[in-house]
Amino acid sequence: MGVIKIKRVGIPRALLYYYYYPLWHEFFTRLGCEVVLSPETNKAILDQGIKNSLSEACLPVKVYFGHAAYLAGRVDYLFVPRLSRVEAKAYICPKFMGIPDMLRARINKLPPLIDTTVDAGKEGNSVQCWVDCLRDAGNRLAADRKLVEDALDAALEAQQFFWKRLNSGMILTEAIKGTAIPETPVDSSSKPLRIGLIGHPYNIYDPYISMNLIKKLHQLGAVVVTPESLEADEIEEEASKLPKRLFWALGKRMIGSAFRFFSSQKLDGVIYLTSFGCGPEALVEELVARMAKQQNMPLMMLTIDEHTGEAGINTRLEAFTEMIVWRLKYADHIPPYGESVHCR
Amino acid sequence: MRITYPHMGNLYIVVRALLLSLGLDVVLPPPTSRRTVELGVRHSPEFACFPFKLNLGNYLEAQESGADTILMAGGVGPCRFGYYAQVQQQILSDLGVDMEMVVLEPPDVSFQEIKDKIRYLVGGLSWWQIFKAVRFAWCKARAVDIVEERLLHLRPRVEDPLLLEKLYRDALQEIDHAGDRKTVQRVVVNYQKKTGKLKKRSVKPLRIGLVGEIFTILEPFANYEMEKRLGLLGVEVNRSIWLSAWINEHLFGGLLRVKYESAHDKELATPYLNSFVGGHGVETVGCTVGFARRDYDGVIQLAPLTCMPEIVAHSVFPALAKDYDIPLLTFYLDEHSGEAGIQTRLEAFLDLAAARSNKKGEQMSGSVFRN
């Protein structure tokens, strides 16, 4: 064996990085590649993204463009899977399906893309589709079939471990790093508010995009519950109460967790974070909002894009949490006007 | 059961023919207007696409005219259209509007289901009668397309486009009223004759292709009468989507042969867009290449604001523009679009397109071809 140059595979820290990074990282590392992860989103990356993408695209896609542009000159390959259906009959969004083509058309000097397809088709399942995608990618990078299969096994194990940590209640950003479980900031003297936070992981867990929303809520004395703490089956069960199956995997996740949050999580309020111009959310959030009204659950919609101001978000968060505290405090009082806003 | 359905361009003629011959009681929503938009927008999610809002406005107006059942199509994604009906139903029921919705999902979801729904609608009609109704509707669909194609071709060429417009309107109305296939054919022949006699100018107009999302292309209200605007500016328009071709492809499984220019352009989308992206994303890219190859002077993409497939298609345009030297313009439209802005962008685009085309000297006189 001569000297082998280690291949550097770039992974943008955006979009589904927040769901599948352990899988990807383990896989490419086991194949003997060096995984290069782009840094956390920052102003420069966002600016690059805005410059390179279409203004009509949603914020997370712009951010993805920024990360890809950042990695472009620094790696030998860029891992940009084409995400069609990540579970049977459920797409994510057309933009995820076209993203390799969009990148190629708009970013100059792009390294070769590893753009193998993830498609569970009509009957596949959510693990097998990734196995197929990665096997395909592995066979392009390494000639050794055995090595690819071993890497696959290890990768799946890493992903399972990650999921287990999430279900144990760990916040995603910690679970993904593989660090120990952090303390949840519970102030034992007062009963903290329990706030459900719904939103796509690439929005809520990217501190730059969400402007540290989770931390902000913690500072306001709230415990944050996210969809990641729910089991996939629970979400599926709730989502199947809809009159027609949703054909967006993430949309289904949002609506399933929202229904569960409303019915059985003993939450004091729910915040729904969406990005401006998100197609599926336009319809999903409408259903969620109507359901919240029926269930008498305080709900705040936060829509973000690259122009969102932090002061505005702060004010709204403070107002929302204060209103909930009032509601809890004066729940037995007769409202001075109209129908009671607090009927518990 | 008094049945209604949303508007999409001249689709109402075809569906009315079908439903009437199935013996159903049809209540058509009034033509889409500013009021429709207002009603629709008031009750729709803010970020839903424009067709969603117009649909909802149509339902509410149809209900005022006495409709109690809505016929709507479904889908399996990833385009939002597939979930329209369920959300619209929820909105209507929260509004206290008592309308039943019959949603025809594509047969690949469940063939039995669609069969049951048709049976529910038509009652004890025989399959032969159903076949005859479909054949009659198809005949009208073809007629409408032929009439429209002629209109697009002649508009920049005749001396009096308003007279042409009138002949076109009359023909549409006669097709709509026709009770049998013979009458429909006669109307078309008459229209061809009459329009053939119109006085023509000797020009070689600019040729522009229209691509994009089906509703926005076919519904003049949603695209702010783009075809008419272009026609009156002296442009010959062709489009990537025709009603009858779409019906043939999606409802008859491509059984019949419909000839139109962009029929096979879809395949040209690779290598620019290598995957199905829902809606008409692939068609948009493919047909743009097609128009470029056929040496059109420009392509205009039409889409509702936030339309996901069209955003993907629009995103890959730079790659396409590298290979084909063709002017491209995209309009994202919704209830906030302003006519003056659209007109100005169009005029500027056409000026540029004409300036780079060899045909220029012949027809350009100032920025507007015809005032």
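How many helices and strands does chain A have? In this predicted model, chain A comprises 13 helices and eleven strands. Along the principal axes, the C-alpha atoms of chain A occupy a box of roughly 80 × 40 × 40 Å. The radius of gyration of chain A is 21 Å, which agrees with the value near 20 Å that a compact globule of 344 residues would have. The model as a whole carries an ipTM of 0.90 and a pTM of 0.91.

Within chain A, four strands are arranged as an open sheet with parallel pairing, in the order 2-1-3-6. The edges are taken by strand 2 (34-37) and strand 6 (113-114) of chain A; each has a single partner strand, so one side of each lacks a neighbour in the sheet. Strand 1 (residues 8-11) and strand 3 (residues 77-79) of chain A run parallel and are joined by two bridges. In this pairing, A:Gly10 lies opposite A:Leu78 of strand 3 of chain A.

Helix packing in chain A is illustrated by helix 10 (residues 232-239) and helix 11 (residues 249-264), whose axes are 8 Å apart and meet at an angle of about 90 degrees. Angles of 65 to 115 degrees count as roughly perpendicular, and helix 10 and helix 11 of chain A are therefore described in that way. Helix 10 of chain A contributes A:Glu234, A:Ile235, A:Glu236, A:Glu238 and A:Ala239 to the contact, and these meet A:Lys252, A:Arg253, A:Ile255, A:Gly256, A:Ser257, A:Phe259 and A:Arg260 of helix 11 of chain A. By class, the residues of this contact comprise six charged, four nonpolar and two polar.

Chain B has an average pLDDT of 91, and 95% of its residues score at least 70. Residues 360-371 of chain B have a pLDDT below 50; in the model, this stretch makes 18 contacts beyond near neighbours in sequence.

An open sheet is also found in chain B, where four strands follow the order 2-1-3-4 with parallel pairing. Strand 2 (25-26) and strand 4 (100-104) of chain B form its edges; each pairs with a single strand, so one side of each is without a neighbour in the sheet. Two bridges connect strand 1 (residues 2-4) of chain B with strand 2 of chain B in the parallel sense, and B:Arg2 has B:Asp25 of strand 2 as its bridge partner.

In chain B, the axes of helix 6 (residues 127-154) and helix 8 (residues 181-196) come within 9 Å and cross at roughly 5 degrees. Angles under 35 degrees count as roughly parallel, and this description therefore applies to helix 6 and helix 8 of chain B. The contact involves residues of helix 6 of chain B, including B:Phe136, B:Ala143, B:Ile146 and B:Leu154, and residues of helix 8 of chain B, among them B:Val184, B:Val187, B:Val188 and B:Tyr191. Ten nonpolar, two polar and three charged residues make up the contact between helix 6 and helix 8 of chain B.

Between the two chains, 33 residues of chain B contact 31 residues of chain A. On the chain B side, the elements that supply two or more residues are helix 4 (81-94), helix 13 (308-315) and helix 14 (317-323) of chain B. The residues of chain B on this side comprise 19 nonpolar, twelve polar and two charged.

Definitions and conventions:
Residues numbered from 1 in each chain as written. Chains lettered and ligands numbered in written order. Predicted model: local features only at pLDDT ≥ 70, side-chain atom pairs only at ≥ 80, totals over all residues. Contact = placed C-beta atoms within 7 Å. Nonpolar A, V, L, I, M, F, W, Y, C, P; charged D, E, K, R; others polar. Pairing = 2+ DSSP bridges. Axes fitted to C-alpha atoms, helices over the stretch in contact; angles between N-to-C directions. Parallel < 35°, antiparallel > 145°, perpendicular 65-115°, else oblique. pLDDT = per-residue confidence, 0-100. Rg over C-alpha atoms; globule rule 2.2 N^0.38 Å.
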